[in-house]
Every structure is written in structure tokens, then in C-alpha cells.
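Thanks for coming. Please look at the sequence and the model on the screen, and I will walk through a few places in it.

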Amino acid sequence: MKKITTSVFYTLFFGTVAAWGQLPAMTPDTLDIEWLDEIIVSSSQLEEKAPVTLQTIGKDDIKYYLGGRTYPEMMRNIGGVYATSESGSYGDAKINIRGFKQENFTVLLNGIPLSGFRSGSLFWNNWLGLSDATFRVQLQKGIGGSMLAANSMGGTINIVTQPAAQTGGGEATFGLTDYGCYNLRLSISTGKMKHGWALSFVGSRTWGDGYVDATPVQAWGYFFNLQKTLHPRHSLSFTLFGSPERHGQRSQKLSDEEVRTRGKKYNKNWGEYNGKIYNVSENFYHKPYFSATHFFTVSDKLFLSNTVYFSIGSGGGKWNESAGKKITTYQNAGGQIDWAAVIADNVNNTDEIVLPGGGTATGYAKNILSDYLAGHIWAGGKSSLDVALSEQLRLSTGLHYQYFYSWQNERITDLLGGTFWYEDYGKNALAGWAGRSPIKKVGDYIRLHNGDRDQHLSVYSQLDYTAGRIQAFAGITGMVTAYQHWDKYNYTANYYSDRKLSAGGNLKAGISFHPARRHLFFLNGGYYSRAPYSSVYFASNTNDITHQVKNEKNYMVETGYKWNCDAIQLTISGYYNYWMNKALLSDPYKPLDEGQIRYMVTGLDAQHIGLEASYTQQVMKWLSLSAFVSAGDWRWKNNVKATVYDPYTSLPVDTLQLYTDGLFVGDAPQTQMGITVTVTLFNQLALRAECRYNDRMYANFDPATRTYAADHSQSYRIPASWVGDVHIHFPFKVGHLATVLFFTCNNLFDTLYIERGDDGATHDLASFRGFWNTGRTVSVGGRIQF
């Protein structure tokens, strides 16, 4: 009893909640490294018989899908999922699930939420080394399996990192693409050593050119996992990984004419000067992540797990500021930035400005380069208690605490021939001049200096019932978040805002029924009440708290059928989501350019309905098939108003009536089909061919642009597209060493199609601006195990 009391106190003290996972029945004798692997992998991972729609991508499939692709694109062959490169530059990516953007589904890392506090989004280019550390990815659509998934409207992506291997050995991999990007990867495992220790390490290096013009990449990746069996009842697991990186980007969307005349690789963000390439858009970041987990088997009916984690993110991106004509509008005949003209305008500028003290100055820069810097401290803990109440009933309960502190500012890096930059505090800052000098040189900070300090607590309980042909669950989660904003640009004293407390929660339940061994019917449903993000409460980007905003609410129900007949698996499902009080904020992160406005839309409702089917079959020993089809109907359901904020003072200045009722939700195809065929010859040579079809995709659009009652036109409907990929893996032996040569050809037929983009004023191709797909690319390489 004393041990149990101590352990419960330990759990609560560290403030640490494992999400719903099926833990095996345990005795003290089973707690070794092998069992520890199972616990780590099972974090928020569901079994196929669970009453939800899910798909698991194992380690072997990950090696197929990531050849020259971004991390989310490994999920591109799942119905209802649209995963693409964001702009064609290395590592930048976007993913939608059932029409919901990324801020409306949850990404978990070993059961811990990764989504940001400010807007719910996740920047995949800050996690470039994650693919090297990934053991398994499970996509759970709809309500998902984690009680910590506060924003799981579309679903939950749970990423499980590699546990320490049971046997010693290693693996070396080298790959390259036809456009000049190289990757080197080394993994080493000790296996289970004396005194119960096991260590795994993965290191990687990526360098070279990106597919898009002027987007080179330089990145390192590292991953450590250390496991220790302390006692038959106690084990520890430590994980550390990160990926310092720098890569060029393409931030400006293209027109159809630009793509036809200059090609898919065209990038307006760069130009040559003095024989060197200068790109005004570049990302650099490093986000090391550390976690420590303690597993404690109290008895064969009681299990505790505790995790603490910590991460510091630091980096940013290249930026630029303009006092008049923007840098990217200085174009030469080739459509690239004319840096000589930019610098000449700065050097020859004789315009006079009046200083706040009454004097004058000349020689200010009309255009400058800067670094937009951002970082955060992210720490927390989760704890879970798993109790077998009976042979049929199991209780999981726990809590999760998270602390988040962020900062962002902008620093001048190059005056481009100018003498100084004129920072107009009187126009841009709420505090006005406040004794601050407007004369800014290289290394000085401008435009903004702010951040957030947030704390979040979730508490949950869930019951799982299994008896005969029935499996069911029901759970409830309560959560509270304290938001606080700080700002040293708009304020010279009292930098911190008042705290804003916000509460939410969710209810979810599901049941599956096996009328016969190979058949399963399931039904699930949920209700979410999600508190607005920090960007909504501080929509003005100052310390003023936005009032009269409500929790977003989502009602979900899904039903389906699964058939598992040895070599054949079939899943058919239908879903219904009604989403209420959606809030949208434009440009929540960046300072506004000249002429831009910031707006916030509240009260939007949307309805997402759809049908999905997936099929896999091992036709013969050497032949397997998989296919999927999905059809959705996703629409905005009401007309609302938007608040407009002044671009300089950030104060609300106007409201707009918006007409969005009946418009299709954009940014993802509402019809999808795909098929994958894998052929294995001579018991070793594997050939995999994939084909995907996307249709009924509408361009993304800003609801704030729909201000005319007579304009009922849908946003531009992007043409349908087919695309095919081919993968070849050839394993063989070099002496006693297992070796694999691999080949991937993405977009085999060099199809030209639009991946993503924004609607224009006329809702047609002429006014559309976006990013087209990458052309045919090839990646090759080899892997050797030792």
C-alpha cells in the first residue's frame, strides 16, 4: 500500500497523462526492454478493432514514401488526406484531413500534443530530422484515440519515435536526388547491455539544392533513445532529438502565365548580385526536444507512467522591409530581383525626413534586409494511471500540464547601400516615440518585439469495455488555459497583458460489434468545446484582449464497417461534422506590409460530410494491392462579420459584412481516389507503383474578401489531376551484410497540375495565385546493415 501511495504522489507531483492505448496484461517478470518497446509504441496507438477509422504506416513503408518528399507526404495515399509540399522548397509542407486545416487536427509525439498555442499550427520545417527518428505513424480520423487531442476535428496524427533496439547493430544510408540534394544517415544500436541498459542513436546530414530555384538546404539531424530496466517493476526511457537547419524558400505564389513562361521551378524571391545568389526568403531553425518517461507496474491490474519533456526552439527567417516600392517588384528581364537597382535607389535617395526632435536627415534606406526571429520554451509533463477494474472493464485517467513562453522580433541585417532605416514609432507603436530614436542601423531591432506566456492543464478519464463481441469506450476531458501576451514595442512599461483564462473540454464515445469473426461494425461520436487560440484573444497583436469571442464547438459522428478476411481488409465509413463559432485571423505571426490589413472573422459555421473506403489485399505471395476512395461535401454554412484592424496602431477600426453561406471549403480536394500495386520478384526485388486522383478542389480564399452580397460564385475550382509514382527496392547480401538499393520516381509521367493556391477577385485561373506541383524527380540510394 505504501508503494502505491508513493507512486500516486509521484505521478501527481510531476504533473504528467498517457492517452488511450491498449496496454498488455503484465506481471513483474514481463517488464524488460522488449516490453518497454511495446509500451512506448502503444502510446495513443489503436488496434484495428477499435471503433474508429485509422491507418498505420510502419517503418518499412516510411522508407518507401519519403524519397525526396516532405514528412506529411508519407500520408498522401490515405483517403480524406491531402498532403503536399507547401511551396516546393525543402521541408515546407501542408496537410489537410477531411477538409480541415492543420490547426483543426492534433499532431502527437509519443502521445504528447505538438500543436502550437498561438494558432494551433505546426511548422513541419522545424522538424526536418523527425523522419530519421520515426518508428511508426498512425492516422486516426475523426475523434481519434487520444483524450489530449483538444483540436481533433479532422483527426489525430500520432508519431512514435524509435525505441532502443533489442539487438546490437547499425545501418548506413546514402541517397541523392536528380536535382542535387544529398542525404547521409547512420544509425547504431547497442542492444540490451549489462545492467539493463539499451541505447540507440541516429544521425543524419542533408545538403544540396532544392527542387525550386535558389532553395538550397543545409541540415543536420540527431536522435538518441536510452532505456533502462531498473527493476522488474520499474523502467526508464530517455529521448533526445533535433535538427538544426537552414533552407531557402519560395514565399511568393505564381500566376498561370508565370508558370507557363518560366516553369514550375520559378522563384521570384531571388536574384544575382556580384556573382552570388541572394534569396529574400530563407528559414533557419533548431528545436531540440528531450523527454524522460518512468514506467511503473504496481501490479498486474495497476500501471503508472510519467513523462516530463522540454524543448527550446530558436531561429527565424530572412525578411525585408520597404518604404515604398517592395524589393520583389524590382525585376529584371528574367523575372528575378534586380539587386543593383534596389541598392542604387538606396544609395541615390536624397529624400529628407523630419526627426521627432525637429531636425532633418537624408540618406535613409528605402529597402532593407532583416531577420524575422522567433523562439520559445516549451515544457510540461503528463501522467497516467491505468487500472483493470475487472476482466471486461479498464479505467484510464490522468493529467497533462504544459508551459509555453515565446518571443519574436525583427533585426536589421543589411541596409543595402542606405545610411540608416527610419523606424516611425510615432506611426507604428501605441506608445509613440517615448524617447526612442528612429535612426536604426544593422543589428538594431524594428517593427515588433513581443511574445506569449501560456499555461495549459488537461484532466481526463476514460473507460474501456471489452466483452465477447463488443468493444466500447467513453471518455471526458476538461481543460483550462491561461493566456498572456507581452509587448515591448507598443509599450515602454507594463509589458504584460492581463491573463485570460479559457476553459474547454470534450466528450467522446464509441462502440464496435463483431457479429462474426471477420466482420466488425462501429459507431463513434464526440463533442468538442475548444477555447480560442492566443492569436484570437490577442487579435490586434497588442496587449488588448479581444472580447465577445466564444468557444468553437464541433459535433461529430461516424459509422462504418470493417471486413478482415485473412489476406483482405476492407473499411467503409461515413462521417458528419458540424463546426460552430470558427474564428479566422489573417497573418497572426508577421508584421503587416504597406497597404495590408489585419482582420478577424468570428462565428463561422461549417459542415463536413463524407464517405470513405479503403481496401488492401495480398493477392498472391508476390502481389499485393491497396486502394482508397473518398468523397466529401464541405461547406461554410452562414454569413458573418469581420473586425478590421488598423495596420499601424493595431486598433479595431471597422467591421465588414461577409457573405460565405454555401461556399465550398477550399484548400483540399473533396474527391480522391488512389491505388498502389506492389510486386515482389524472386523473393526480393520489390516494385511499387502508386496512382492518385484529386478532384473537386476549390482554391483557398479569405472570407473577408466576400463583402458583396451579389457575389455567390464559388472560389476557383482547380482542375482534376492524376499523378503516379514508382518505387523499386532491391535487397541483397554483401558478404554477411544485408544491403538494399532503392529507386524512387515521383510524378512518373511529369504531369502538370496545381497543388494549392489562393482565389482571386474574378474566381478564375487568371486571378488565381498559387503553387504548381514538382515535375518528374528521381531519388536513388543504398542502405547497408551491420
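I start with R185, which is buried at a relative accessible area of 12%; buried means under 20%, exposed over 50%, and partly exposed in between, with a 1.4 Å probe and protein chains only. This is a predicted model, where local features need pLDDT of at least 70 and side-chain atom pairs count only at pLDDT 80 or more, while totals for chains, interfaces and linings use all residues. Residues are numbered from 1 along each chain as its sequence is written, and side-chain values use heavy atoms, with hydrogens and water left out.

What does R185 form with E171? The two form a salt bridge, and their closest N and O atoms are 3.3 Å apart. By salt bridge I mean a side-chain nitrogen of Lys or Arg within 4 Å of a carboxyl oxygen of Asp or Glu. R185 is in strand β9 (residues 181–189) and E171 in strand β8 (residues 169–177), so the pair ties together parts that are 14 residues apart in sequence. Strands here are DSSP runs of E with at least two residues, helices are runs of H or I with at least four, and both are numbered from the N terminus. E171 also counts as buried, at 7% relative accessibility.

By the salt-bridge rule, the count comes to 28. One of these links the side chains of R76 and D725, at 3.5 Å from N to O. R76 lies in the loop between α3 (59–65) and β2 (81–85), and D725 in strand β39 (residues 721–734), so this pair ties together parts that are 649 residues apart in sequence. Both residues, R76 and D725, are buried.

Another salt bridge joins the side chains of R69 and E73, at 2.9 Å from N to O. R69 is buried with a relative accessible area of 16%, and E73 counts as buried at 3%. Salt bridges that share partners put R69, E73, R76, E690, R692 and D725 into one network.

Next, a sheet. In what order do the strands of the open five-stranded sheet run? The order is β1-β6-β7-β4-β5, and the pairing is mixed. Two strands pair if DSSP finds at least two bridges between them. The edge strands are β1 (54–57) and β5 (112–113), each of which pairs on one side only. In general, strands of a sheet pair through backbone hydrogen bonds, either parallel or antiparallel. β1 and strand β6 (residues 134–141) pair in the antiparallel sense, over four bridges. L54 stands opposite Q140 in β6.

Two single residues remain. R411 is in strand β22 (residues 393–414) and is partly exposed, with a relative accessible area of 28%. Not counting residues up to four places away in sequence, R411 touches S370, D371, L373, G443, D444 and Y445, where contact means heavy atoms within 4.5 Å.

Is Y496 buried or partly exposed? Y496 is partly exposed, with a relative accessible area of 35%. Leaving aside neighbours within four places in sequence, Y496 is in contact with Y405, R453, Q484, H485, W486 and N543. The C-alpha atoms of Y496 and T676 are separated by 54 Å, and these two residues are 180 residues apart along the chain.
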